[in-house]
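Trainee: Could we go through the pockets and the surface of this one together?
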Amino acid sequence: MLTKKEIEKAVRDCLVKAGTTFRADQHKAYRKAIERETNLNARWVLERIVENARIAKKIKAPLCDDSGIPHAIVEIGKDANLPRGWLSAIEDGVVQGLRTMPGRPMAVKGNEVERVEQSGGLFQDPGKLVLAPVTVKSVSGTRIKITVLLLGGGPEIRAKTYRVFHERSMDRVVEEAARWITTEVKNLGCTPVVPAIGIGRTHMEASALMLEAMKEGNLNRQSPLETRVTQWINATRVGPLGLGGDTTALGTFIKVGHLRASGVRIVSARPCCCFEPRKATVILDGTD
Amino acid sequence: MKKSQKSTGIITVSTPIDDEVIHTLKIGDQIELQGKVYCGRDAVLPRLADFFLENRLDEINVNLKGSVIFHSAVSPAGIGPTTSSKVEIEGSIPTLSRAGVKIHLGKGALSMDTAKALAENNALFAITPPVSALFTDKIEEQRVAAFKEEGMEALYELKVKGLPAIIAIAHGKSIFTEQA
């Protein structure tokens, strides 16, 4: 039977991997981008990002000093057995992961006003950075799949969740989201981006779907619509770090959820930065 | 010697930086910074600007003449540029340039008003990717210089060797409006 300790350790290791490691699809996307980039300064930036990933892996250091706000998506098999206190085990695993990596100690102290105004100081302990509300989903089988994602601050400044009148056109909805992204990438700084787009019924649901798009997305597997969004964004020629060139976006991740009878879709679009999505997944055995 | 050029075309810029070095740098130049670099961001840069305006920089033993300010926190997770167009950061650039800062290092585009203020004070804006693991390799020493109570957002003084950057705004020109 799966224990709380096993969950804690798995989540800890998962968080550290998410924050310090490039995935194979990221390495491949950067290799291709460097090969085709025609702007020399842009290519210099792309090469530094790859060099950074190599050093981060070697010394087990965060890819970015904004080590991000931890999020988790938990998929629980219908026939899985979980120990009592499994959710607190995930929270404890996040705390341990933040201390191990280490994460940036950016949790703000104080009451509501002090936290908003950042007038009560900061916690020195990276582990004080509380896990965001957890998304829990039911799936078939006996396994428990936990994905940890680390969301940086720059993309949060530039993300947007809003309504789109779809006019019975998928293109209309996605083009609007792509327009939001294209107006923001110039000021983001940490391009190239990977736009993550969630389309749902409510603002909360659209944001959750955007997070799922980050979880499921793979730069090696792009739908025709995702490829088109990437091409639109690359047509801005903002380029890496805003220096111009061919590589403003490496790819796009779109996730469509359940929808309602209405002329409106709620869309959440986030321009994930040059290291994102920072994610890692662990699968645990939930049999007796 | 405050500036030298490697065979790779990368220009080494050492602190303190004099006006002559700034005159010779242009947008698109790739540089590597050597020497002392201050790190500060949203929380401390407006305070630092106020200390200059009140003639109180001596009280905190901070000398901004010929200096570099990197828009970064300093924490166990490393260093890395934050968005320089944030109100507290971009808003402090004109005053800190008057105080003697020669290179403001961060990321993202700045307004042409800020570009004008930089030019008036013979100062530059440089950008660098958020490559924190790589930066860790370039830091030789670090200490809190002022405003310790701000934690990771305190004003830090680092000694760096080869911190990479690209000149983005110089002499009234911005790479963000002239890029191809």
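Predicted model: local features only at pLDDT ≥ 70, side-chain atom pairs only at ≥ 80, totals over all residues.
Trainee: What volume does the largest pocket have?
Mentor: The largest pocket holds about 720 Å³ of space, a pocket being an open set of points on a 1 Å grid over the protein atoms alone, with protein on both sides within 12 Å along at least five of seven lines. Its lining has 40 residues, and the closest to the centre are A:Asp66, A:Arg104, A:Met106, A:Gly153 and B:Arg41.
Trainee: And which helix gives the largest share of that lining?
Mentor: Helix 6 (residues 153–158) of chain A does, with 4 residues; helices here are DSSP runs (H or I, at least four residues) numbered from the N terminus. By class, the lining of the largest pocket divides into 20 nonpolar, 7 polar and 13 charged residues.
Trainee: What about the second largest pocket, which residues lie nearest its centre?
Mentor: Of its 15 lining residues, A:Lys32, A:Arg36, A:Leu219, A:Gln222 and A:Leu250 lie nearest the centre. Helix 2 (24–36) and helix 9 (224–234) of chain A are the elements that give two or more residues to this lining, and the volume of the second largest pocket is about 290 Å³.
Trainee: How many cavities of 30 Å³ or more are there?
Mentor: The count is 1, where a cavity is a set of grid points at which a 1.4 Å probe fits but cannot get out. The largest cavity has about 30 Å³ of space, and its lining includes A:Gln26, A:Tyr30, A:Cys273 and A:Cys274, with 7 nonpolar, 1 polar and 1 charged residues by class.
Trainee: Switching to the ends, is A:Met1 buried or exposed?
Mentor: A:Met1 counts as exposed because its relative accessibility is 53%, and the cut-offs are under 20% for buried, over 50% for exposed and partly exposed in between (1.4 Å probe, protein chains only). A:Met1 sits in the segment before helix 1 (4–20) of chain A.
Trainee: Where does A:Met170 lie?
Mentor: A:Met170 lies in helix 7 (residues 170–188) of chain A, and at 38% relative accessibility A:Met170 counts as partly exposed.

Terms used:
Residues numbered from 1 in each chain as written. Chains lettered and ligands numbered in written order. Heavy atoms only, no water. 1 Å grid on protein atoms, 1.4 Å probe; cavity = no way out; pocket = protein on both sides within 12 Å on 5 of 7 lines; lining within 4 Å. Points joined across faces, edges and corners; volume = space filled by probe spheres on them. Nonpolar A, V, L, I, M, F, W, Y, C, P; charged D, E, K, R; others polar.
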